[in-house]
Amino acid sequence: MATFGLPSEAATTTNTTTTSATSDISDDDDLSTLPLPQALSRTEFLAPNFNPHSYLTSLNPRSRHQTLEDLRTDLRQRSQQLNQELLDLVNSNYESFLDLGQSLRGGEEKVEGVRVGGLGFEREVEQVRKQVEERRSELGGLLGERRGARRDVQVGRALLEVHEGLKELEERLGIVDVEGDEEDEEDEDEEDEEGSPDDLRLKRLERHVQRYVLLRRQEERVGTHPFLEAQQSRFAEVKKTLLLDLAAALRHAKAQRQDPERVLKIVKLYGQMEAEGEAVRILKPG
């Protein structure tokens, strides 16, 4: 026959302790008492210096009171939400673009009018360009004629100077008759000079030779010209007369045994006339 009795004090104490410990464990495992994790802030993704790696590093699941799997789920949902927003934005803009295209229908006439106007303006510009080119060509021709006329004037002046220079030399050398006024002027020039008669004759001869050389150089600058070709006989006559005067002066200086410096001056005049051989032939003894 079973015997019922009250539990001993020790047993009662043990049960009470066990029940209290179980109650404490239940209170600690109650997740409803934990703080809820904050939602991921949208503004953090819009920061100009947003860095995914730094952002993920800052998301500590333990400090957020959230498991790693829950954090991954939140990020995945936020990514899907952003993709959907992007898709909605593209669709809305595409619809606006289609609406814009439909609103532009019926403007073909205006576009054609603008195109025709552009073609007309292009033709006008082309006509103006052609006119400018024609005027430029015409102006170039006129400038060429002007340069040619100026060159002809310069050549004419040079030929006139050659003619007058030859005429003056011919008169002073006695090749042609000298007019009274010009002869008086030459005599006055010689009277103004000082020195012996031999010195005066040598100075006059030097002026004649220098004038002849200048005329020859001017002839070279002009170049080939019918007028100059017609004057070659006059040049030859002047040169012949100058060489005769130089020979007479050199023979006189040699016969009179004059200063060697005077003889050297006469020889230099032969050199200017490009007739050094004549001077050497006269100075040879015999």
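This is a predicted model: local features need pLDDT of at least 70, side-chain atom pairs count only at pLDDT 80 or more; totals for chains, interfaces and linings use all residues.

Reader: OK, and which residues have the most contacts inside the largest nonpolar core?

Author: Leu-242, Leu-246 and Tyr-270 do, in a core of 27 residues.

Reader: Which helices each supply at least two residues of this core?

Author: Helix 5, helix 7, helix 9 (232-255), helix 10 (260-272) and helix 11 (276-283). The largest share comes from helix 9, with seven residues. As a general point, nonpolar side chains in soluble globular proteins tend to be buried together.

Reader: Zooming out, how many helices and strands does the protein chain have?

Author: Eleven helices and zero strands.

Reader: And how much of the chain is buried?

Author: Buried residues account for 17% of the 286 residues. As for contacts between residues at least 6 apart in sequence, 66% of them join residues at least 24 apart.

Reader: Back to helices 5 and 7. At what angle do their axes cross?

Author: Roughly 155°, with the axes of helix 5 (residues 108-172) and helix 7 (residues 197-222) coming within 10 Å. Angles over 145 degrees count as roughly antiparallel, so helix 5 is roughly antiparallel to helix 7.

Reader: Left-handed or right-handed crossing?

Author: Helix 5 passes helix 7 in a left-handed crossing. On the helix 5 side, the contact includes Val-155, Ala-158, Leu-159 and Arg-172. Helix 7 brings in His-208, Arg-211, Tyr-212, Leu-215, Gln-218 and Val-222.

Reader: Switching topic: where does Arg-42 lie?

Author: Arg-42 lies in helix 2, which covers residues 42-45.

Reader: What is Arg-42 in contact with, leaving aside neighbours within four places in sequence?

Author: Arg-78, Gln-81, Leu-82 and Glu-85. Leu-82 is 40 residues away from Arg-42 along the chain, and the C-alpha atoms of the two are separated by 10.0 Å.

Reader: Great, that's what I was after. Thanks!

Notes. Residues are numbered from 1 along each chain as its sequence is written. Side-chain values use heavy atoms; hydrogens and water are left out. Axes are lines fitted to C-alpha atoms, for helices over the stretch in contact, and angles run from 0 to 180 degrees between N-to-C directions. Helices (H or I, at least four residues) and strands (E, at least two) are DSSP runs, numbered from the N terminus. Angles under 35 degrees count as roughly parallel, over 145 as roughly antiparallel, 65 to 115 as roughly perpendicular and the rest as oblique. A crossing is left-handed if the near helix is turned anticlockwise from the far one by less than a right angle, and right-handed if clockwise. Contact means heavy atoms within 4.5 Å. A nonpolar core is a set of buried Ala, Val, Leu, Ile, Met, Phe, Trp, Tyr and Cys residues joined through side-chain atoms within 4.5 Å. Buried means under 20% relative accessible area, exposed over 50%, partly exposed in between (1.4 Å probe, protein chains only).
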